[in-house]
Structure formats: structure tokens, C-alpha cells
Amino acid sequence: MFDFFYNAPTTVYFGRNSEDKLTEIISAKGYKCVLLHYGGGSAVKSGLVKRVKWSLEHAGVRIAELGGVKPNPRLSLVEEGIALCREQGVDLILAVGGGSVIDSAKAIGMGVACGGDVWDFYCGKRTPTASVPVGAVLTIAAAGSEMSKSSVITNDYITVKRGVNAEISRPVFAIMNPELTVGVPAYPTACGCADIFMHTLERYLTGGDTMKLTDGLSEALMTTVLSASRTVMKNPSDYRARAELMWASSLSHNGLMSCGGDGGDWCVHSLGHEISALYDTAHGAALTAVWGSWAEYVYKNCLGRFHKFAVQVMGVRPNGTREELALKGIEAAVEWFEALGLPTSIRQTGANPTDGDLQLMAKKCALNNGGSKGSCKVLHEEDMLAIYRAACHN
């Protein structure tokens, strides 16, 4: 196992009607001006944004509003938010929504506190050292941004999607009411389940050392997601399954599943980001579109972990060679994606890339990762291109 640093400072308010605590939370913290940041879809239509605004008014704070966050949140809106926060003297950014809204709020917070071009953080030119505090009212179980140090945004000026990891960007509090996720349609719910699963799997399928206890936690989280996802697809209003997914979302990406490990592989996320940047594909769908092709490309270099995944997570009977079982585990995961209605190839996302597009994505993916990426198997540009090509023909 490896030494590790674990930090999870976010205060969580979990359960039915937990958003009703917002007035109390804001008043106790002593904030004066809050940026209410949201998307514009279900959070508005359901009346949640209106109720949150009422709570803020009763906390006696001034309110600035910025809606319009889209999946794969845009740099242009982040820049608008930075300017608004500076103009209004915002001292808390409250994200009402899912990972896209929270990631956008984190970008705004870092941009306001650090000054300069916020995109510098996402392309590695600078390291963020401060942030305006961010709070979250979560409406979908997916990215885990409500407790993570990660923020991913898309530079819509140059169609590039990049992320930054910074401890100072972890939300100070997260309000998590599983009932708020009940109205999320089937496809976004499925994409969220895939994202939760992948955040853990990227850490679990690794060529480096791991910790037995963390492996066990990871296996429990992934099997919980498998079970709960099947339940919510059949019964979207099942509170217990929604609650399991919401808590899994947070634990999958708050650092707990990395403890004692080498940090994980993360190639699938890197490959998926390029698809989302070019075609605006939903994040979870971009991941499932390439995962099977990636797994088939690398599994022989990480056979022990793929074998363990097949047996301990996907429930493959331990009859056969390690390679046979590893392949059955890959097949079972792909079948789960399909059962959720998610794409298992790039073309199934609706994109129709030329080979030139694939070459461009591979080039960008390699450049963004310093030329190579991976723990199961170190991938270079030619490997990434081979995976993209396979993912177009599966």
C-alpha cells in the first residue's frame, strides 16, 4: 500500500427535507451575499430554486443569481459568474443542481479568489491557492462534486474539456435529499450511475499497489450501484435506492476510494473528456462508450485486477482461467451499461467521427496528459487512437 493524505471537510446534511435547513446553515455561517448558481431545467421547473431563494431571503443575505449552466459546463458562463461575484461582493456560491453546476461554481470561486485567467488552472499553468466558499444543494447522484476536490469545465472558445484538482475547492457544505433526485429522467439517472461506478472503478483497476480495506469498500460501493441502478430503472420513486446512489456518488469521488492506492488509472475519463468536448456528449455516456474498448486493450497487462473485478464486483462464477474470467467481467460490465440504455460505442452516442476526428481526439488526450496516461497499461497517442477506433466499430 501507499501512504496517503485524506481530507473530507464538507459538512453533509443528508435525508428528507434537508434543504429546509438552508436558512439555519446560512445564518450560522454569517454570509452576507450569495451567488445562487443553477442550470435552468428541473431545478427551476420543480420549484426548488424558488424555495432555495426563499430560504436565502429569510437568512437575510443579498442574492445574486446566475442560471444557465449546461452539461459539460462552459468557461464563458464561469467568466460571467466571476465578474458578477466581484461586482456584488459575493462571499458564498451556492450551487443548486448536479456535478455540472457544482463544477462551474468551483471554477467561479477559484477565479474570484485567485484572479487572473481561471482557465490557467485547468491547463496546468497555475495552481489555485484560494476560493470563495462553495455550498451545494444536490439534485442528481452522479459526479460526486459535492464532496470532491475536482472541477471539470469545457473551454467553449476552443472546444477543450479539462479538469483541476484542488483541496481548496471542496464545498464547505452539501445538502443531500434523495427525494430531489426522484424526478430525474431515466437517461440522466443512468449516466449518473455510470459516473459513480467509473469514479470507483478508475481507482480500483490499477497496476499499482492497493489496500485490502479500500478494495473492500470499493467493491461494496460498486455492487451497491449495480443493485440500486437496477431498482431505480424499474421504480424511479424508490427512496432507498435513490439514497444509496446519492451517498455512493459522494463516497466514490471524495478521496476515500483512493486511500492506500496508487491514484488509479483514469484513462477512460481522459478519453471520455475528448468525446464530450467535441460532441457535447453527456459525461457518463462518453465513459461507457469507450470503457469496453479500453478494457479489452489493457486487461492482459492488469490481469489480476480484472479477474478480481469480475468475481468480486460483477459476480462472475470463479470457474475458468483468470483471463477467461477477466473477459467475462468486462462483458458483464458492458451488458450492464446496455441494460441502463447507455452507449457502448462512440457511434451509439450519436456522434459520427471521421478518422481525422479520432486522430485529433487522441492527440489532444495525449497532450493533456503530458504524452501518456495510465496505470493498468501506460497509453500513448497511438494507443489512444487504437482504442478510439475500436470504440467506433464495437
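Glutamate 167 and lysine 149 form a salt bridge, with their closest N and O atoms 3.8 Å apart. This pair links distant parts of the chain. Glutamate 167 sits in the loop between β7 (160-165) and β8, and lysine 149 in the loop between β5 (134-138) and β6 (150-155). The two residues are 18 residues apart. The model is predicted.

## Salt bridges

Why can such side chains pair at all? Side chains of opposite charge can pair when their charged atoms come close.

How exposed are the two partners? Glutamate 167 counts as partly exposed, because its relative accessibility is 28%. Lysine 149 is partly exposed too, at 32% relative accessibility.

How many salt bridges does the structure hold? It holds twelve. The table shows three of them, including the pair above.

| Glutamate 167 | Lysine 149 | 3.8 Å |

Glutamate 179 lies in the loop between β8 and α7, while arginine 16 lies in the loop between β1 and α1, so the pair ties together parts that are 163 residues apart in sequence. Glutamate 179 counts as partly exposed, with 34% relative accessibility.

Arginine 162 is in strand β7 and glutamate 274 is in helix α10. They are 112 residues apart, and they too link distant parts of the chain. Are these two residues buried or exposed? Both arginine 162 and glutamate 274 are buried.

Salt bridges can also share partners. One network formed this way joins Lys149, Glu167 and Arg170.

## Helix α1

Helix α1 covers residues 22-29. Which of its residues are buried? They are Leu22, Thr23, Ile25 and Ile26. Seen down the helix axis, these buried residues fall within an arc of 165°, so they line one face of α1. On the other side of α1, Glu24 and Ala28 are exposed.

An α-helix has 3.6 residues a turn, so residues three or four places apart point the same way.

What covers the buried residues of α1? The cover includes β1 (11-14), α3 (48-58), β4 (92-97) and β8 (173-176). After α1 comes glycine 30. Its phi is positive, near 75°.

## Nonpolar cores

The largest nonpolar core has 104 residues. Which members touch the most other members? They are Phe197, Trp291, Trp294, Phe306, Phe309 and Tyr388. Helix α7 (residues 186-204) gives the most to this core, with nine residues.

Leaving out residues up to four places away in sequence, phenylalanine 197 touches Met222, Val225, Leu226, Phe309, Val313, Met314 and Trp336. Another core, of 21 residues, lies apart from the largest one. Val34, Tyr38, Val49 and Leu180 are among its members.

Alanine 386 lies in helix α15 (residues 381-393). It counts as partly exposed, at 28% relative accessibility. Alanine 386 and tryptophan 294 are 92 residues apart in sequence, yet 9.2 Å apart in space, C-alpha to C-alpha.

## Two loop residues

Glycine 260 lies in the loop between α9 (239-253) and α10 (267-279). Its relative accessible area is 0%, so glycine 260 is buried. What does glycine 260 touch, not counting residues up to four places away in sequence? The list is Met1, Phe2, Phe4, Asp209, Thr210 and Met211. Methionine 211 is 49 residues from glycine 260 in sequence, but 5.1 Å from it in space, C-alpha to C-alpha.

Threonine 139 is in the loop between β5 and β6. With a relative accessible area of 10%, threonine 139 is buried. Beyond its neighbours within four places in sequence, threonine 139 is in contact with Leu48, Gly97, Gly98, Leu180, Thr181 and Val184. Threonine 139 and leucine 92 are 47 residues apart in sequence and 19 Å apart in space, C-alpha to C-alpha.

## A surface patch

Met1, Phe4 and Tyr6 make a nonpolar surface patch of about 310 Å². Tyrosine 6 is found in the segment before β1. It counts as partly exposed, because its relative accessibility is 34%.

Note on methods. Residues are numbered from 1 along each chain as its sequence is written. This is a predicted model: local features need pLDDT of at least 70, side-chain atom pairs count only at pLDDT 80 or more; totals for chains, interfaces and linings use all residues. Side-chain values use heavy atoms; hydrogens and water are left out. Buried means under 20% relative accessible area, exposed over 50%, partly exposed in between (1.4 Å probe, protein chains only). Helices (H or I, at least four residues) and strands (E, at least two) are DSSP runs, numbered from the N terminus. The arc is that of the directions from the helix axis to the C-beta atoms. Contact means heavy atoms within 4.5 Å. Patches are made of residues with over 30% relative accessible area and no salt bridge: like charges are joined within 9 Å, nonpolar side chains (Val, Leu, Ile, Met, Phe, Trp, Tyr) within 5 Å. Accessible areas come from the Shrake-Rupley method with a 1.4 Å probe; for residues, only the protein chains shown count as cover. A salt bridge is a side-chain nitrogen of Lys or Arg within 4 Å of a carboxyl oxygen of Asp or Glu. A nonpolar core is a set of buried Ala, Val, Leu, Ile, Met, Phe, Trp, Tyr and Cys residues joined through side-chain atoms within 4.5 Å.
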